[in-house]
Amino acid sequence: MERTTLDLWVGIFVVAGVAALVMLAMKVGNLGTYNVSDAYQVQAYFTNIGGLKPKASIKSAGVVVGRVTGISLDTERYEAKVEMSLDRRYQFPKDTFANILTSGLLGEQYIGLMPGGDSEMIKNGGVIKKTQSAVVLEDLIGKFIYNKADEPAQ
Amino acid sequence: MSAVNTIRIIGHRAINAVWRIGMASRFFVNTLLYSGSSFRRFHLTIKELFSTGVMSLIIIIVAGLFVGMVLGLQGYETLKRYGSESALGTMVALSLVRELGPVVAALLFASRAGSAMTAEIGLMKATEQISAMEMMAVNPIARIIAPRFWAGVISMPLLAALFSAVGVFGGYLVGVVQIGVDEGSFWSQMQAAVDFRDDILNGVLKSFVFGIVVTLIALFEGFDAPPTAEGVSGATTRTVVTSSLAILMLDFVLTAIMFRGN
């Protein structure tokens with residue numbers, strides 16, 4: 001085969017392969033949707049994180065504003081310490097409320113941020129003080145059963 | 001007496017296997033040492049890229065499309081029971097990018113390009129072209145083996161990426177266009193679940209390793225083949241069998257290392 005046609009075909013092959021890789025990264029993966037390059041770190045303590053995992057998303061008003069970077073147990077308070085990395089474009093007041101929520105009935109868990117009214121913003125390395133733990137189904141069922149047992153028999 | 005004989009046969013096989021592994025390692029090191037010329041005279045590599053990469057395009061694309069479509073159909077049937085059809089995109093993309101893309105593309109590559117490499121080199125040896133090169137003081141490893149090796153190593157990740165991309169498209173065709181899963185949740189759940197470094201780059205790394213292994217096995221079997229018609233055919237068969245087994249076993253090891261934490 002002619003050398004130039006050979007080059008052309010190999011060129012097409014390489015370009016197609018690289019294009020497939022870029023398409024995978026942008027359209028299939030999360031590289032196009034969220035960039036953690038410019039971020040600040042925030043911590044929060046929860047009494048129970050339920051099924052929250054590292055890399056879970058952090059949303060405010062439904063918009064993804066960051067990711068969970070680390071989860072560990074603080075042995076001084078015996079509470080779960082969740083480290084979060086938030087996008088620097090989004091600043092939150094100091095009295096922001098952090099909830100662990102579930103997307104759908106069986107979906108994955110994420111942290112929802114509800115901004116408060118404080119005029120001061122959380123700085124890099126700051127702590128979110130107001131938190132609400134994950135809803136654990138067993139606890140709910142347990143409470144329900146005890147409530148039923150407390151009711152007077154009819 | 002027969003028990004002693006059996007043990008002797010086992011010993012012979014073991015020595016043979018170790019000897020072949022040693023020869024293959026020496027062959028690999030030699031290929032790396034003499035691969036300078038395959039980059040200095042890059043047209044040699046380009047010619048091989050054409051016959052291994054470009055010629056494998058059609059089988060890879062068609063296979064990827066159908067694998068993706070089957071995943072879409074089967075995934076939908078299972079996910080429907082739990083009312084989570086919207087996770088179809090996640091399922092298709094993760095299984096393709098992590099496992100099926102690298103593995104099936106490598107299996108197809110081994111049978112399409114690997115067997116051809118072995119047969120070509122084996123026949124070169126049978127017709128004494130390799131000895132002729134040595135007579136002319138041309139190093140056959142630098143002239144024949146190294147360009148083919150690098151062509152295989154370069155084309156394998158590209159083919160696997162194409163396979164995955166076309167497969168995701170196939171899953172989209174069946175899931176969204178035909179069955180009618182919501183398009184927005186198909187893509188957004190996929191993007192939320194597939195991580196660039198953990199999933200896509202690990203998949204590329206897998207296919208890179210498979211590319212090295214498959215090409216090395218194909219080239220070694222060809223170079224080591226007895227210079228007869230029977231020998232070449234046996235070597236070609238061994239290439240496909242050995243590299244398929246190597247791909248599947250290595251895939252288990254790589255998966256255990258890469259995805260254990262998740």
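This is a guided tour of a two-chain predicted model, one selection at a time.

**Before you start**

Residues count from 1 along each chain as its sequence is written, and chains are lettered from A, ligands numbered from 1, in the order in which they are written. The model is predicted, so local features need pLDDT of at least 70 and side-chain atom pairs count only at pLDDT 80 or more, while totals for chains, interfaces and linings use all residues.

**Stop 1: chain A as a whole**

Select chain A and colour by secondary structure. Helices and strands here are DSSP runs numbered from the N terminus (helices: H or I, at least four residues; strands: E, at least two). Along the sequence the pattern reads α-β-β-β-β-β-β-β-β-α.

Now turn to the dimensions. The C-alpha trace spans about 95 × 45 × 30 Å along its principal axes. Chain A has a radius of gyration of 23 Å, whereas a compact globule of 154 residues would have one near 15 Å. That radius is taken over C-alpha atoms, and the globule rule is 2.2 Å times the number of residues to the power 0.38.

How many of the 154 residues of chain A, in percent, count as buried? The figure is 23%. Buried means 20 or more other C-beta atoms within 10 Å of the residue's own, exposed means 12 or fewer, and partly exposed lies in between; the C-beta atoms are placed from the backbone.

Among contacts in chain A between residues at least 6 apart in sequence, 62% join residues at least 24 apart. A contact means that two C-beta atoms, placed from the backbone, lie within 7 Å.

**Stop 2: the sheet in chain A**

Select the eight strands of chain A. They form an open sheet with mixed pairing, in the order β7-β1-β4-β3-β2-β6-β5-β8. Strands pair if DSSP finds at least two bridges between them. The edges are β7 (126-128) and β8 (130-132) of chain A, each pairing on one side only. Neighbouring strands of this sheet are turned by 30° against each other on average, direction ignored. The axes behind that angle are lines fitted to C-alpha atoms, for helices over the stretch in contact; angles run from 0 to 180 degrees between N-to-C directions.

- Select β1 (residues 39-46) of chain A. Three bridges join β1(A) to β7(A), and the two run parallel. Q43(A) stands opposite V127(A) in β7(A).
- Select β2 (residues 57-60) of chain A. Two bridges join β2(A) to β6(A), again with a parallel run. K59(A) has G112(A) as its bridge partner in β6(A).
- Select β5 (residues 97-102) and β6 (residues 109-114) of chain A. They pair in the antiparallel sense over six bridges. I100(A) faces I111(A) across this pairing, and F97(A) stands opposite M114(A).
- A98(A) stands opposite T131(A).

**Stop 3: P54 of chain A**

Select P54(A), in the loop between β1 and β2 of chain A. Buried, exposed or partly exposed? P54(A) counts as partly exposed because it has 13 C-beta neighbours inside 10 Å. Leaving out residues up to four places away in sequence, P54(A) touches V68(A), T69(A), G70(A) and I71(A).

**Stop 4: where the chains touch**

Show both chains. On the A side 21 residues are in contact with 26 residues of chain B. Which element gives chain A its largest share? Helix α1 (residues 3-28) of chain A does, with 15 residues. By class, the A side has 14 nonpolar, five polar and two charged residues. Nonpolar covers Ala, Val, Leu, Ile, Met, Phe, Trp, Tyr, Cys and Pro; charged covers Asp, Glu, Lys and Arg; the others, Gly among them, are polar.

**Stop 5**

Select chain B. Here are 10 helices and zero strands. The C-alpha atoms fill a box of roughly 65 × 55 × 35 Å along the principal axes. Of its 262 residues, 46% count as buried.

- Select helix α1 (residues 2-33) of chain B. Its 32 residues reach 46 Å from first C-alpha to last, close to the 46 Å expected at 1.5 Å a residue. The expected span is 1.5 Å times one less than the number of residues. α1(B) is hardly covered: one residue is buried.
- Select helix α9 (residues 196-224) of chain B. Its end C-alpha atoms are 40 Å apart, which agrees with the 42 Å that its 29 residues should span. α9(B) is mostly covered, with 21 of its 29 residues buried.
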